[in-house]
Amino acid sequence: MSKRDFYEILGIDRGASEADVKKAYRKLAIKYHPDKNPDDSSAESRFKEAAEAYEVLSDQNKRAKYDRFGHAGVGGAAGGGAGMNMDDIFSQFGDIFGGGFGDAFGGGSRGPRRTKGSNLRIKVQLTLEEIAEGVTKKVKVFRLVQAEGVEYDTCNTCGGTGQVRRVTNTILGQMQTASTCPACGGLGKGVKSKPKDADEHGLRREESVVDIEIPAGVEDGMQLNLRGKGNAAPAGGIPGDMHVQIRELDHDQFTRNGRNLHLDHHLSFVDATLGAGVEIPLLSGKAKIKVEPGTQGGKIVRLKGKGMPSVDSYGRGDLLVNLNVWTPQELTAEERATLESWREAPNFQPSPDPREKGFFDRVRDMFS
């Protein structure tokens with residue numbers, strides 16, 4: 001299932017301000033909140049979908065990547081807000097609704113918080129061929145997982161609430177404040193017993209293989225975000241994310257510039273003079289181009305749609321073939337004599353067409 005546009009989900013245009021983004025999200029969050037729509041799976045899906053859209057569009061960095069690369073730029077290809085859970089979503093509400101959002105629907109405090117595990121960062125090297133088609137890479141990573149046999153007990157400091165409350169006397173009377181429990185970090189519980197290979201949080205390091213789906217058209221330096229593929233969190237908290245940075249390997253024939261590919265192809269002096277049909281390699285397969293008689297070195301032939309795909313699925317770039325005329329470096333006596341006889345021939349004297357593009361114009365065309 002394809003993913004809906006985040007701006008469409010929130011009902012705003014691409015030029016919407018931060019205040020507009022927040023306002024639109026608040027409206028949808030109230031409308032589709034689970035407490036207002038019990039046992040309504042479609043409302044919960046909309047609730048998560050809106051939260052995911054807000055998470056991206058409220059962050060300037062993520063929004064810029066989304067505007068440029070679409071969903072691939074911010075990670076994930078699943079639809080319907082499938083990458084988020086309720087803990088992710090409710091963690092946003094301190095900024096949007098203040099501390100009393102749960103009370104507005106009779107939910108009250110949501111109790112001890114679930115911490116989120118730390119994120120992992122890895123690099124994945126890809127060939128141009130893999131980028132052109134999209135690929136699933138199997139990558140070995142070491143990450144923290146919940147150890148088997150860990151037992152937890154209730155935190156003595158907060159009594160399992162995850163918060164400590166203090167009452168202070170002021171000139172306006174008594175004021176009560178709540179803060180995260182310093183003993184358990186807001187979990188409401190601590191490790192009672194654990195196996196020897198687990199750390200103080202009940203986690204252990206383990207090697208695992210992760211399948212990473214790389215969409216076609218990604219570019220060097222782009223980062224994909226895989227939700228929930230990072231380190232585990234203590235006490236069954238929310239797993240962290242995995243940030244995958246793309247590294248594009250150099251190709252022995254093609255040079256990439258955005259969606260366009262560039263290829264140097266050398267012609268013999270005879271083919272450039274008399275014309276010929278020339279076979280050109282593609283990333284997948286081959287193509288044949290026609291070299292017109294009298295072709296000059298440096299001419300660029302553009303093959304439409306033979307370049308790289310767009311990561312946003314907006315078509316493909318072109319392949320720009322730079323034709324270079326190869327000058328023989330060694331000649332037989334007979335060949336040298338033949339060429340000498342043509343040295344002063346009128347047809348062999350340079351006579352450039354003033355309408356032909358110069359070197360700098362051709363370079364500009366190559367990178368346009």
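I began with Val244, which touches Ile122, Val124, Ile212, Met222, Gln223, Leu224 and Leu226, leaving out residues up to four places away in sequence; contact here means heavy atoms within 4.5 Å.

I noted that this is a predicted model, in which local features need pLDDT of at least 70 and side-chain atom pairs count only at pLDDT 80 or more, while totals for chains, interfaces and linings use all residues. Residues are numbered from 1 along each chain as its sequence is written, and side-chain values use heavy atoms, without hydrogens and water.

I then looked up the cores. A nonpolar core is a set of buried Ala, Val, Leu, Ile, Met, Phe, Trp, Tyr and Cys residues joined through side-chain atoms within 4.5 Å; buried means under 20% relative accessible area (1.4 Å probe, protein chains only). The largest such core has 40 residues, and Val244 and Ile122 are among those with the most contacts inside it. Strand S1 (residues 120–126) gives the largest share of this core, 4 residues; strands are DSSP E runs of at least two residues, numbered from the N terminus.

I next followed S1 into an open sheet of 3 strands, ordered S1-S9-S8 with mixed pairing; strands pair if DSSP finds at least two bridges between them. S1 and S9 (residues 242–248) pair in the parallel sense over 7 bridges, and Gln125 has Arg247 in S9 as its bridge partner.

Last, I checked the cysteines and found 0 disulfides, a disulfide being a pair of cysteine sulfur atoms within 2.5 Å. Cys155 is buried, at 9% relative accessibility.

Definitions and conventions: Buried means under 20% relative accessible area, exposed over 50%, partly exposed in between (1.4 Å probe, protein chains only).
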